[in-house]
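Dear colleague,

Please find the structure handed over below, followed by an account of what was found in it. I would be grateful if you could read the two side by side.

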Amino acid sequence: MATPLESPISFSNVGRAKWWQSGFFASQTSYVLLALVALFVVMNFASPYFFTEGNLQNVAKNFSFIAIATLGVTLVIITAGIDLSVGSMMCFSAMITSMVMTHISTPGLPGAEWFVHLAADGKTVIANVPGLILVVSVLAGLGVALMVGLVNGFCIAVLGLSPFVTTLGMLSIVRGLGYVVSNGRGSFPSGPDADYFYALTSGVVFGMPAPFIYLVVLAVAMAVVLHHTSFGRYVFAIGGNEKAAALTGVPVVRVKIEVYVICALAAGLQGIIVSGWLGSAPANMATSYELNVIAAAVIGGANLAGGVGGPLGAIVGCVLLEVIRNGLVLAQVNSYWQQALVGVIIIVAVLVDRIRSRMA
Amino acid sequence: MSDPILEMRGVSKSFFGIRALRSVDLTVHAGEIHALMGENGAGKSTLMKILSGAYRPDPGGEIRIEGRPVRIEGPLGGRAAGISIIYQELSLAPNLSVAENIYLGREMSRSGLLARGAMRLGVGPILARLGADFLPSTPVAQLSMGQRQLVEIARALHARSKILIMDEPTTALSAGESERLFALIRQLRAEGLAIIYISHRMDEICALGDRVTVLRDGRLVGSLDKAEIRADTIVRLMVGRDVSTFYKKDHDPAAGRGHVVLTATGLADGRRVRGCSLTVHAGEVVGLAGLIGAGRTELAHLIIGASPKTAGHIEIEGRPIDIRTPGEALDAGIAYLTEDRRSLGLFLDMSCLDNINLAVLGRDAKLGCILDRDTARDRASKAFTALGIRAANVGVSAGVLSGGNQQKVLLSRLLATTPKVLILDEPTRGVDVGAKSEIYSIIDNLAKSGTAILVISSDLPEIIGICDRVIVMRAGQIAGQMERTAASPLSQEDIMALATGMEHAHA
């Protein structure tokens, strides 16, 4: 390789960055986390009820209801994309899951004979294999999410359409399809496996809401994937400089399709979980949730220009939104204020980051 | 000599305790081309930004224009003081017309509506004076880089600027366009403008400069009169040491040349490249010369599969190979260094570590997808030592490095793939003198170790300095090639003659 220089030149502009100017401490996520901690302290003094087990469980459950979808959207945002179809996707997956579950749990309907039979009394429905109905119906719900994600990814990565327009169209398409298949009526997960379904979606495990556990597992998985796999580096590379990534041999098209598929799957799973808590999947479920999800991602530090973001930020954003909502309820403030406040927080969070990067 | 039009006395600028500029004195006269030189980070751009009003200097210094002390504040302050800057990246709006761009920020209006006709008429005389061959109503997007530069200059003249600062104006220009620009700059000098000319290209400075001021590490280290301007003197001032062997070429083309590594036959893309064939041998440095727009970069893109080819095929070491994406090219052993490292090469927000390893992540990964952090860190540190990359550590993001160090990081990424063929597109563009010399030495060492190297460059002294053989392109075709032999060294005139299609370019 090259010979070392005879006399190295020193550059005054090459210096070592201070610890608070680099890594996690320099990220918007850390500032928002700090704000969140402060908020917890304030809430502790403002309301004696805030730090009770019941309320914290409530908070944990509520933010888990958008946080899984936020993980998916954060991934898309890191690639400098956007997915507006997550709200519709949540509804559609939940609806398909509950419709498939109801269908294959009703003896006499085509296909149901593989899953259920009638007991001797002629009324009680018994599952052929306990749990199979649940698995099949959840897979059906995730299956449609997978297909929607593939269509999104194909349009964006292969056809080169803008992510905003593609997923805006998909928002409408998927919502419309939901109304078509349900005729506008909600559906209810029912049948012999419905109890499992409710236990797994709205139950409590080790004192924690089940959705919260799924969230933690998925967030850890996402952190590992982002920072310890080549796929994760490719996601950041595409968000940082897509053209350069293509010239470097990064499989840009494949990674982008995968990212939209993962996002749709996360939204689908989120919808299925929410429907378990609601006890039904109404056709207008999760309407405009995409805005909350994107807001949470952005507050948590995901940069819409791409290249920046992570699961911790996604969760911190969701928690912040929920704690504020919860706090306003406890403080008996008119709940309409919540939405206005969320908007202020989005702008302030991004503003703080801008001021910080100007100062650096 | 006349009174100076611009005088700076003891101007300093610090950023958070780092002195970017230390008590610099600069005197510029009307009717003078004053060259400002220095490596990247030497303080040239800080000085320029003070003159344009983007930065406010530290208290203590003084700036006088035509003898009167001035305070230049805000982006419009420079223009108000009679100073216009033509930036390296031109600051025109491509979707607006020439006239609209020239009047941008100072639109003429009649009863609240834009006076388009009057604005078009208003820029006519200036465009004529500059010898422009386009209409005021032409959208800027349709203009070549050289023509856009004229629009920038027209904007400066239209604002009645007396001092014109040009920051590497020829970077994006072809040789012909550069010549026309030089003629224009001399004309403006004759008309009494003061021109501060910033460039890394020594030949331009020697040809144009009336005075040369050299900055190093924020200090003024020397100011040369016309008679004293010589390339070696300037380089010594800039780097603070002797650069005796600027172009390093130790590898022996005759003895060192190995088998044919890259063979491209009849490559075409149906538009810019028509039937190009070339070969590169192991251990050989081949130059690909030609004017801007001759199709050199496009040809490189065809070879690496970055754009689809309509005809032709490629062989590596005699085996035909089908390359459809840059990834396949890397697998086949062809690495390409882009000419536009900021927008097509580097991931500016990502660390040097990630930037260097990105092309080999998949190959290194354990179990097909888990990153091997130790190997990656080891490779990056070795690259830092081997290529002399100056940064605090491998975790620093690539965006904060100087041009030369960025280029070395990008080069490290390519070398990590251990390529058989290395295609370097303008490897020293926007790189300071010291780093240039180091990059030449890296290229030389790679050739010595048997890599086949194709260098695309618009810098003819560079091509002549480092290449064993030169292939010249003209209008999408190979116009000819010439070999360096002991009897006949390569000459700029011969290359230009081939590139322009004239018998005697220097006639």
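Which residues in α8(A) meet α10(A), and which residues in α10(A) do they meet? Please note before the answer that this is a predicted model.

**Helix packing in chain A**

On the side of α8(A), the residues are F231(A), Y234(A), V235(A) and I238(A); on the side of α10(A), they are V252(A), V255(A), K256(A) and V259(A). Sorted by class, this contact holds seven nonpolar residues, one charged residue and no polar ones. Helix α8 covers residues 230-240 of chain A and helix α10 covers residues 252-278 of chain A; their axes come within 10 Å and cross at roughly 100°. Helix α8(A) is therefore roughly perpendicular to α10(A).

Helix α8(A) also packs against helix α7 (residues 210-228) of chain A, at an angle of about 75° and with the axes 5 Å apart. This angle makes α7(A) roughly perpendicular to α8(A). Here V225(A), L226(A), H227(A) and H228(A) in α7(A) meet F231(A), G232(A) and V235(A) in α8(A). The class count for this contact is four nonpolar, three polar and no charged residues.

Chain A has 360 residues, of which 47% count as buried. Among contacts in chain A with a separation of 6 or more, 76% come from residues 24 or more positions apart.

**The six-stranded sheet of chain B**

In chain B, six strands form an open sheet with mixed pairing, in the order β18-β19-β20-β15-β21-β22. Strands β18 and β22 (477-483) of chain B stand at the edges and have a single partner strand each, so one side of each is left without a neighbour in the sheet. From one strand to the next, the twist averages 20°.

How many residues of strand β19 (residues 421-425) of chain B are buried? Five of the five are, so this strand is largely enclosed by the rest of the structure. Both of its faces are covered: V421(B), I423(B) and D425(B) are buried on one side, and L422(B) and L424(B) on the other.

Strand β18 (residues 334-337) of chain B runs parallel to β19(B) and is joined to it by four bridges. In this pairing L337(B) stands opposite L424(B). Strand β20 (residues 452-456) of chain B is likewise parallel to β19(B), with five bridges between them. There, L424(B) stands opposite V455(B). Between β19(B) and β20(B) the chain passes through helix α17 (residues 433-448) of chain B, and this β-α-β crossover is right-handed.

Further along the sheet, strand β15 (residues 285-289) and strand β21 (residues 469-474) of chain B pair in the parallel sense over four bridges, and A289(B) stands opposite V472(B) in β21(B). Helix α19 (residues 492-500) of chain B lies across β15, β21 and β22 of chain B and runs at about 30° to β21(B).

**The four-stranded sheet of chain B**

A further open sheet in chain B is formed by four strands in the order β14-β13-β16-β17, with antiparallel pairing. Its edge strands are β14 (276-281) and β17 (319-321) of chain B, each of which pairs on one side only. Neighbouring strands are turned by 20° against each other on average, direction ignored. Within this sheet, strand β13 (residues 260-268) and strand β16 (residues 311-316) of chain B form an antiparallel pair over five bridges; T263(B) stands opposite E315(B) in β16(B).

**Backbone points in chain B**

Most residues other than glycine have a negative phi. R160(B), which is not a glycine, has a positive phi near 55°. R160(B) is located in the loop between α5 (145-158) and β9 (163-167) of chain B, and it counts as exposed because it has 9 C-beta neighbours inside 10 Å. E168(B), also not a glycine, has a positive phi near 45°. E168(B) is in the loop between β9 and α6 (175-190) of chain B; with 19 C-beta neighbours inside 10 Å, E168(B) counts as partly exposed.

With kind regards

How values were computed:
Residues are numbered from 1 along each chain as its sequence is written. Chains are lettered from A and ligands numbered from 1 in the order in which they are written. This is a predicted model: local features need pLDDT of at least 70, side-chain atom pairs count only at pLDDT 80 or more; totals for chains, interfaces and linings use all residues. Axes are lines fitted to C-alpha atoms, for helices over the stretch in contact, and angles run from 0 to 180 degrees between N-to-C directions. Helices (H or I, at least four residues) and strands (E, at least two) are DSSP runs, numbered from the N terminus. Angles under 35 degrees count as roughly parallel, over 145 as roughly antiparallel, 65 to 115 as roughly perpendicular and the rest as oblique. Two residues are in contact if their C-beta atoms, placed from the backbone, lie within 7 Å. Ala, Val, Leu, Ile, Met, Phe, Trp, Tyr, Cys and Pro count as nonpolar, Asp, Glu, Lys and Arg as charged, and the others, Gly among them, as polar. Two strands pair if DSSP finds at least two bridges between them. A residue is buried if 20 or more other C-beta atoms lie within 10 Å of its own, exposed if 12 or fewer, and partly exposed in between; C-beta atoms are placed from the backbone. A crossover is right-handed if, with the strands pointing away from the viewer, the path from the first strand over the helix to the second runs clockwise.
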